[in-house]
Amino acid sequence: MIIGVLLSFVSAFLLGCYDICKKKSLDGNAVIPVLFLHMSISAFIFVLFIMLSYATNVLDGAIFFHEKNLKNKAFDLFLVLLGMIFLYLGTR
């Protein structure tokens, strides 16, 4: 039991050190444009698969098949984008 508590404290300390190092390395870098570019490319890829699933039967049963409810998928993608931006802004 004591070893588990000790390992928890060591893990929390190392996570704190990682977070401090990450903040120092990101200082002065253009993180928001990189996040925007990443989310734009990801959104394009996801929208491509969503449109293929919606318009054709090519992806039926495949791992990339998406439901035909585009409004919920677009809303979910928008929530992921907001979450990433707020996560970054919260660590500044």
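This section describes the helical architecture, surface, salt bridges and cysteines of a predicted model.

Residues are numbered from 1 along each chain as its sequence is written. In this predicted model, local features require pLDDT of at least 70 and side-chain atom pairs count only at pLDDT 80 or more, whereas totals for chains, interfaces and linings use all residues; side-chain values use heavy atoms, with hydrogens and water left out.

The chain contains three helices and zero strands, and its elements run α-α-α from the N terminus on. Helices (H or I, at least four residues) and strands (E, at least two) were taken as DSSP runs, numbered from the N terminus. Of the contacts in the chain with a separation of 6 or more, 40% are accounted for by residues 24 or more positions apart, a contact being heavy atoms within 4.5 Å.

Helix α2 spans residues 31-55 and comprises 25 residues. The distance from its first C-alpha to its last is 35 Å, close to the 36 Å expected at 1.5 Å a residue, where the expected span is 1.5 Å times one less than the number of residues. The buried residues of α2 are V31, L35, M39, S42, I50 and S53. Buried denotes under 20% relative accessible area, exposed over 50%, and partly exposed the range in between (1.4 Å probe, protein chains only). Over the chain, 10% of the 92 residues count as buried.

The chain exposes about 7600 Å², of which carbon and sulfur atoms supply 75%. Accessible areas come from the Shrake-Rupley method with a 1.4 Å probe, and for residues only the protein chains shown count as cover. A nonpolar surface patch of about 630 Å² is formed by I3, L6, L7, V10, F13 and L14; of these residues, L6 is placed in helix α1 (residues 2-26). Patches consist of residues with over 30% relative accessible area and no salt bridge, with like charges joined within 9 Å and nonpolar side chains (Val, Leu, Ile, Met, Phe, Trp, Tyr) within 5 Å.

Two salt bridges were counted, each defined as a side-chain nitrogen of Lys or Arg within 4 Å of a carboxyl oxygen of Asp or Glu. D19 pairs with K22, the closest N and O atoms being 3.9 Å apart, and K23 pairs with D19 at a corresponding distance of 3.7 Å. An α-helix has 3.6 residues a turn, so residues three or four places apart point the same way. The relative accessible area is 26% for D19, 32% for K22 and 41% for K23; D19 is partly exposed, as are K22 and K23.

The count of disulfides is zero, with a disulfide taken as a pair of cysteine sulfur atoms within 2.5 Å. C17 is in no disulfide, the nearest cysteine sulfur, that of C21, being 6.6 Å away. The C21 sulfur is therefore too far from that of C17 for a bond. C17 is partly exposed, at 28% relative accessible area, whereas C21 is exposed, at 52%.
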